[in-house]
Amino acid sequence: KQWYQRRVAITAGARFLEGIFGHMNGGGCDDASEFCGECQSRAASYFARNQLPCCIEKVVRRGIVAYDYVIANYSDALESYGAAVGGGLSASGLAEAQAIRDRVVEEFGCVSAVYSANRPECA
C-alpha cells in the first residue's frame with residue numbers, strides 16, 4: 001500500500017509540473033527571472049484550475065523553512081559579506097549588483113504571492 005501511495009503522489013506531482021510548465025511556456029513564460037506581471041497572472045490562472053499536490057507543497061515548504069532559517073541566522077554575515085564585496089566594486093558595478101538583488105527580491109515576491117494565494121491544505 002505504501003508503495004502505491006508513493007507512486008500516486010509522484011504521478012500527481014509530475015502531471016502538475018508538466019501541466020504548469022506547459023501552461024507557462026504556452027504564454028511565452030519560459031524565463032524564471034521574469035515572473036512578475038503577465039507570467040504571474042498566467043501561473044495564477046493555472047492554480048485556479050489545478051491544486052498544487054501535497055507532495056510538491058512539502059518540498060516548497062521545506063525550501064521556505066530553509067530560506068527563513070538562513071535569513072534568521074545568517075543575515076548579518078550576508079550583509080557583512082555584501083558590504084565587503086560592494087567595497088571592491090566600481091560605482092556602476094555596485095549599482096548593477098543592487099539592481100539585480102532588488103529584481104530577485106521582487107520576482108520572489110511575485111512567486112510567493114501566487115503560492116500563498118493557492119497553497120493547499122495538506123496533512
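Here is a short chat about the disulfides, salt bridges and one surface patch of this predicted model.

Since the model is predicted, local features need pLDDT of at least 70 and side-chain atom pairs count only at pLDDT 80 or more, while totals for chains, interfaces and linings use all residues. Residues are numbered from 1 along each chain as its sequence is written, and side-chain values use heavy atoms, with hydrogens and water left out.

Me: How many disulfides does the structure hold?
Reply: A disulfide here is a pair of cysteine sulfur atoms within 2.5 Å. One of them joins Cys 29 to Cys 39, with S to S at 2.1 Å. The count for the structure is three.

Me: How many residues apart in sequence are the parts that Cys 29 and Cys 39 tie together?
Reply: Helices are DSSP runs of H or I with at least four residues, strands are runs of E with at least two, and both are numbered from the N terminus. Cys 29 sits in the loop between α1 (2-26) and α2 (38-49), and Cys 39 is in helix α2, so the parts they tie together are apart in sequence by 10 residues.

Me: Are Cys 29 and Cys 39 buried or exposed?
Reply: Buried means under 20% relative accessible area, exposed means over 50%, and partly exposed is in between (1.4 Å probe, protein chains only). On that scale, both Cys 29 and Cys 39 are buried.

Me: Which helix holds the cysteine that pairs with Cys 36?
Reply: Cys 36 is joined by a disulfide to Cys 110, S to S 2.0 Å. Cys 36 lies in the loop between α1 and α2, so this pair ties together parts 74 residues apart in sequence; Cys 110 itself is in helix α4 (residues 91-117).

Me: What is the handedness of the disulfide of Cys 54 and Cys 122?
Reply: The S to S distance for Cys 54 and Cys 122 is 2.1 Å. The torsion about their S-S bond is about -90°, so the disulfide is left-handed.

Me: Which cysteine has the nearest sulfur to that of Cys 55?
Reply: The bonded cysteines, numbered in sequence order, pair as 1-3, 2-5, 4-6. Cys 55 is in no disulfide, and the nearest cysteine sulfur is 7.8 Å away, in Cys 54.

Me: How many salt bridges does the structure hold?
Reply: A salt bridge is a side-chain nitrogen of Lys or Arg within 4 Å of a carboxyl oxygen of Asp or Glu. One of them is between Asp 102 and Arg 101, at 3.0 Å, N to O. The number in the structure is five.

Me: Which residues do salt bridges that share partners join into one network?
Reply: Glu 34 and Arg 103 meet in a salt bridge at 4.0 Å, N to O. Arg 103 also forms a salt bridge with Glu 107, the closest N and O atoms being 3.7 Å apart. The network therefore joins Glu 34, Arg 103 and Glu 107.
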